[in-house]
Amino acid sequence: MSLFRIFINQDDDDMATSKKVITREEWEKKLNAVKLRKEDMNTLVMNFLVTEGYVEAADKFQRESGTKPEIDLATITDRMAVKKAVQNGNVEDAIEKVNDLNPEILDTNPELFFHLQQQRLIELIRQGKTEEALEFAQEELAPRGEENQAFLQELEKTVALLVFEDASNCPVKDLLDISHRLKTASEVNAAILTSQSHEKDPKLPSLLKMLVWAQNQLDEKAVYPHINDLSTGQLQDPSE
């Protein structure tokens, strides 16, 4: 073994021994010392179910746990109907449903309304309705593009889809991907939640991200049991 390799190994050993080692028994004792109220955990679960739109699960959880949702569960069904309409490409229907829920959502959010109209244009292009797509772009989207440079750039990208006979060769072909529908649907979903004075994103995923971040920070200072699989929450020793 070379002298250089010996020094490298020695440095690794020094770094390893400089970290504090916490046994599984010690770590579990620390975790068990943290007191969590059942009511807080139930509220966290309800927040996730409501935000993600699991209305049946939220209703059942309410009855079994006694946890009241932050909003009327009936509005979840309406919100999910809007989201599903966009995901299926039925943008006109989605706009009508949003206006039935609250007309101010689109009146006060020009960017969201533009993106919905842009999605309508994409759907017309997807269906091969070229003339109708051009007419719609000129009458509905072009005036908004004149008022907003960002809208104009997005409109130009979308219309570029019409230039290529084979959309698979178009530089902006991702606009025709289902993922773009999902992006627009998520934007609408967030706007409806905001109008209902509810968080746009559930709290649970943010807490899990914070857990991962905290473990990464602690890794620099200690050797301890990790939660590697967030779906189970089981502790694993570093050697596993």
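Predicted model: local features only at pLDDT ≥ 70, side-chain atom pairs only at ≥ 80, totals over all residues.
**Entry 1**

I started at Tyr54, which is partly exposed at a relative accessible area of 43%. My scale here: buried is under 20% relative accessible area, exposed is over 50%, and partly exposed is in between (1.4 Å probe, protein chains only). Phe48 is partly exposed too, with a relative accessible area of 25%.

Residues are numbered from 1 along each chain as its sequence is written, and side-chain values use heavy atoms, with hydrogens and water left out.

**Entry 2: aromatic pairs**

I searched the whole structure for aromatic pairs and got three. To pair, rings of Phe, Tyr and Trp (its six-membered ring) need centres within 6.5 Å; planes under 30 degrees apart are stacked, over 60 edge-to-face, and the rest tilted.

I looked at Trp27 and Tyr224: the ring centres are 4.9 Å apart and the planes sit at 40°, so I wrote the pair down as tilted. This pair links distant parts of the chain, 197 residues apart: Trp27 is in helix 2 (residues 24–32), and Tyr224 is in the loop between strand 2 (222–223) and strand 3 (226–227). Helices (H or I, at least four residues) and strands (E, at least two) are DSSP runs, numbered from the N terminus. Trp27 counts as buried at 16% relative accessibility, and Tyr224 counts as buried at 1%.

Back to Phe48 and Tyr54: they form a stacked pair, 6.2 Å centre to centre with 25° between the planes.

**Entry 3: Leu204**

What does Leu204 touch, leaving aside its neighbours within four places in sequence? I found Leu44 and Phe48, with contact meaning heavy atoms within 4.5 Å. Leu204 lies in helix 12 (residues 203–219) and is partly exposed, at 31% relative accessible area. I also checked Leu204 against Glu140: they are 64 residues apart along the chain, and their C-alpha atoms are separated by 40 Å.

**Entry 4: domains**

The chain is divided into domain 1 (19–42 + 203–236) and domain 2 (71–195), with bounds from an automatic or database domain assignment. Taken over C-alpha atoms, the centres of domain 1 and domain 2 are 41 Å apart.

**Entry 5: helices 9 and 10**

Last, I looked at helix 9 (residues 130–147) and helix 10 (residues 149–159), whose axes come within 5 Å and cross at roughly 145°. Axes are lines fitted to C-alpha atoms, for helices over the stretch in contact, and angles run from 0 to 180 degrees between N-to-C directions. Among the residues making the contact are Ala137 and Leu141 of helix 9 and Phe151 and Leu155 of helix 10.
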